Amino acid sequence: MAASEFKHLVVVKFKEDAKVDEILKGSENLVSQIDSVKSFEWGEDKESHEILRQGFTHAFSMTFENKDAYVSFTKHPLHVEFSAAFTAVIEKIVIRDFTVAAVKSPVVVAP
């Protein structure tokens, strides 16, 4: 990873009545429509001990070429619209935005 990459990490606990599958599909749809998102991963925590999880259930990670690309993403009309729906179903949230300090780059396997 290049040192200039920028990460947006979101960890959430959804409200009990949240339609999580719809939110997940909406997230995937959103990032597929906005070119500034370099990569997007999400996962549901089913492995951590509850005391460590603190009620948080899902994590979302986005990678951008740099901070400017992230700022562009946050201002995109599709993101603004989706954020309103996403925020409405969140009980607890932690967000971390940071420039990547690469220590060990991913291994690229030749085809």
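Biologist: In what order do the four strands of the open sheet stand, and with what pairing?
Modeller: This is a predicted model, in which local features need pLDDT of at least 70 and side-chain atom pairs count only at pLDDT 80 or more, while totals for chains, interfaces and linings use all residues. Residues are numbered from 1 along each chain as its sequence is written, and side-chain values use heavy atoms, with hydrogens and water left out. Strands (E, at least two residues) and helices (H or I, at least four) are DSSP runs numbered from the N terminus, and two strands pair if DSSP finds at least two bridges between them. On that basis the pairing is antiparallel and the order is 2-3-1-4.

Biologist: How many bridges join strand 2 to strand 3, and which residue is the bridge partner of E41?
Modeller: Strand 2 and strand 3 run antiparallel and are joined by seven bridges. Within strand 3, the bridge partner of E41 is S61.

Biologist: What angle does the direction of helix 4 make with that of strand 4?
Modeller: Helix 4 packs on the sheet, touching strand 1, strand 3 and strand 4, where contact means heavy atoms within 4.5 Å. Axes are lines fitted to C-alpha atoms, for helices over the stretch in contact, and angles run from 0 to 180 degrees between N-to-C directions. With strand 4, the direction of helix 4 makes about 135 degrees.

Biologist: Which element gives the largest share of the lining of the largest pocket?
Modeller: A pocket is, on a 1 Å grid over the protein atoms alone, an open set of points where a 1.4 Å probe fits, with protein on both sides within 12 Å along at least five of seven lines, and lining residues have an atom within 4 Å of a point. The largest pocket has a volume of about 240 Å³, a volume being the space filled by probe spheres set on grid points joined across faces, edges and corners. Of its 16 lining residues, the closest to the centre are H8, V10, H79, S83 and F86. The largest share, five residues, comes from helix 4.

Biologist: What does UniProt place at residues 6-98?
Modeller: Over these residues the chain is 42% helix and 35% strand, with the end C-alpha atoms 6 Å apart. UniProt positions are given in the numbering used here, feature names are shortened, and annotations may be inferred rather than shown by experiment. The feature, from an unreviewed entry, is "domain: Stress-response A/B barrel".
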